[in-house]
Amino acid sequence: MLLFASCVANAESGLASYYHGIGRIGEMTCAHRKRPFGSIVTVSYRGKSIRCRVNDRGPFVRGRIIDVSTTAARALGILQLGVAHVEIE
């Protein structure tokens, strides 16, 4: 029961955008304000989920909770949108 509460406490939802990112070409990475570098987060959008590694700080635009790399945005289907409402675990 405590584990479940911990997982729920780490879940977030809000706006995501994408950026060119830092890292190797094709790698799914992301920028998050508080999650530790190297941690893996699951980002979900309309039934699609990806796992990406936190390797940067951001986003620095008010109201956004995460920036994903271009590769991650393409995999989620948000590349053309630019900004989308996602769930993070």
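This is a predicted model: local features need pLDDT of at least 70, side-chain atom pairs count only at pLDDT 80 or more; totals for chains, interfaces and linings use all residues.
Leaving aside neighbours within four places in sequence, Ile66 is in contact with Cys30, Val41, Val43 and Val86, among others. Its list of contacts also includes Leu15, Ala16 and Ser17, as well as Ala31, Pro59 and Ile88.

## Overall layout

Stepping back to the whole chain, you will find two helices and six strands. Read from the N terminus, their order is α-β-β-β-β-β-α-β.

The chain has 89 residues, and 40% of them are buried. Among contacts with a separation of 6 or more, 69% join residues 24 or more positions apart. The accessible surface is about 5600 Å², and carbon and sulfur atoms account for 58% of that area.

## Two salt bridges

The structure holds two salt bridges. One of them pairs Glu12 with Arg35, with the closest N and O atoms 3.2 Å apart. Glu12 sits in strand 1 and Arg35 in the loop between strand 2 and strand 3 (40-45), so this pair ties together parts that are 23 residues apart in sequence. How accessible are the two partners, Glu12 and Arg35? Glu12 is partly exposed, at a relative accessible area of 24%, while Arg35 counts as buried at 15%.

The other salt bridge links Glu27 and Arg53, and here the closest N and O atoms are 2.6 Å apart. Glu27 lies in the loop between strand 1 and strand 2, and Arg53 belongs to strand 4 (residues 48-56), so the pair ties together parts that are 26 residues apart in sequence. Arg53 is partly exposed, with a relative accessible area of 27%.

## Around Glu27

Let us stay with Glu27 for a moment. The loop that holds this residue runs between strand 1 (12-19) and strand 2 (29-31). The side chains of Glu27 and Arg53 also make a polar contact at 2.6 Å. Beyond neighbours within four places in sequence, Glu27 is in contact with Ser69 and Thr71 as well as Arg53.

## Ala72 in helix 2

Which element holds Ala72? Ala72 is found in helix 2, and this residue is buried, with a relative accessible area of 0%. Once neighbours within four places in sequence are set aside, the contacts of Ala72 are Met28, Thr29 and Ile50.

Ala72 and Met28 are 44 residues apart along the chain, yet their C-alpha atoms are separated by 4.9 Å.

## Confidence in the model

How far does the predictor trust this chain? The mean pLDDT is 90, and 90% of the residues reach 70 or more. The stretch to treat separately is residues 1-6, where the pLDDT is below 50. Beyond near neighbours in sequence, residues 1-6 have zero contacts in the model.

Terms used. Residues are numbered from 1 along each chain as its sequence is written. Side-chain values use heavy atoms; hydrogens and water are left out. Helices (H or I, at least four residues) and strands (E, at least two) are DSSP runs, numbered from the N terminus. Buried means under 20% relative accessible area, exposed over 50%, partly exposed in between (1.4 Å probe, protein chains only). Contact means heavy atoms within 4.5 Å. Accessible areas come from the Shrake-Rupley method with a 1.4 Å probe; for residues, only the protein chains shown count as cover. A polar contact is a pair of N or O atoms within 3.5 Å; within protein, one must be able to donate a hydrogen and the other to accept it, and residues adjacent in sequence count only if both atoms are side-chain atoms. A salt bridge is a side-chain nitrogen of Lys or Arg within 4 Å of a carboxyl oxygen of Asp or Glu. pLDDT is the predictor's confidence in each residue, from 0 to 100.
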